[in-house]
Amino acid sequence: MSHSRSPSLRALACPASLKGVLSAAAAADALVAGFAAGGVEAHALPVADGGEGTLVALQTALGGEWRETEVLDAFGRPRRARWLALPGGGAAIEAAQAIPLDPSHLDAMNASSRGLGELIRAVGRPTDLVVALGGTATVDGGAGLREVLHELPSPTRVACDVDVPLLDAARLFATQKGAAPRQIDALADRLAAIDELEPYADLPGAGAAGGLGAALAALGADLLPGAPLVLSLLGFDPSPYELVVTGEGTVDRTTGRGKAPATVLERCREAGVRCVVFGGKIVEPLAGAEMHELSGRPERATEDLVELGEKLAGSLLGLA
């Protein structure tokens, strides 16, 4: 059912991706469609935290040109990796474009980050470089990267999707990259033995992407929490809106540790703007947040978000 549109109320749809189900952009479009059906103007601003979807979020908001280059993946196989030439001369890359986590081939002991070094070399000399870490197959502390990359081409900011120190790359994340329990200590020992990384080992984000945070810091990059950096690059500003909607596929304890929806919620609270957080599944809600759980059925995700947008439009109009 279509409603007459309110000229004064505005909403902002800024979801992260629903991994394996909907991209952040598709989720945002579904929410916007629901708000429109409910008679409320809404704008789309897909968000990310340095992990999956970061380049797409930047390109959607800022424009820029997609470029491609051939690199080797974490196991030496040729792969086309794309990167984003940003307006103004900057560039942005995702580590997972070069050395993605491949569930069909998990081998944490032998995965190499060399392909990321090749990708960084391929961007030439942009005015500045943003490197998004997350979703990689590696736990090599950047050993492969350092074989081919001896200096950064430009001032570099690294969007870290986790805030952990170096050795946690093995202790917390190596299992999901295929490490057997007996290999975790060996991986941690290997990371600890890389002398060049020792001064950076305790930095928040040093353990991101299997220790690539520390490797890039050793080359002079600034390690930054991914979600605040990406939101800053996107120009996220909730203040012109009556309502902001964010969310992701699964809301759990990791969401509150710096994922994009938690950072959006925090910014909205600072601005005094109502924020609703959805999850395809909600395992652990964000403290004090207005939460909405979707049906949990992937095939219904788009329809669920359209319905949520229309429902929230109704709640706004009811308050107007």
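Of the 320 residues in the chain, 51% are buried, where buried means under 20% relative accessible area, exposed over 50% and partly exposed in between, with a 1.4 Å probe and protein chains only. The model is a predicted one, in which local features need pLDDT of at least 70 and side-chain atom pairs count only at pLDDT 80 or more, while totals for chains, interfaces and linings use all residues. Residues are numbered from 1 along each chain as its sequence is written, and side-chain values use heavy atoms, with hydrogens and water left out.

The chain holds 11 helices and 11 strands, which are DSSP runs numbered from the N terminus (H or I with at least four residues for helices, E with at least two for strands). Its C-alpha trace spans about 65 × 45 × 35 Å along the principal axes. The radius of gyration is 20 Å, which agrees with the value near 20 Å for a compact globule of 320 residues; this radius is taken over C-alpha atoms, and the globule rule is 2.2 Å times the number of residues to the power 0.38. Among the contacts with a separation of 6 or more, 73% join residues 24 or more positions apart, a contact meaning heavy atoms within 4.5 Å.

The structure contains 15 salt bridges, each being a side-chain nitrogen of Lys or Arg within 4 Å of a carboxyl oxygen of Asp or Glu. Three of them are listed here.

| Salt bridge | N to O distance |
|---|---|
| Glu 118 and Arg 114 | 3.3 Å |
| Glu 147 and Arg 114 | 3.3 Å |
| Arg 157 and Asp 128 | 3.8 Å |

Glu 118 and Arg 114 are 4 residues apart in helix H4 (residues 114-122), and are therefore separated by about one helical turn. Glu 118 counts as buried at 16% relative accessibility, whereas Arg 114 is partly exposed, with a relative accessible area of 31%. Arg 114 in helix H4 also pairs with Glu 147 in helix H5 (residues 143-148), so this bridge ties together parts that are 33 residues apart in sequence. Glu 147 itself is exposed, its relative accessible area being 51%.

For the bridge between Arg 157 and Asp 128, Arg 157 lies in strand E7 (residues 156-160) and Asp 128 in the loop between H4 and strand E6 (129-132), so that parts 29 residues apart in sequence are tied together. Arg 157 is partly exposed at 29% relative accessible area, and Asp 128 is partly exposed at 27%. Elsewhere, a network of salt bridges links Arg 300, Glu 303, Asp 304 and Glu 307.
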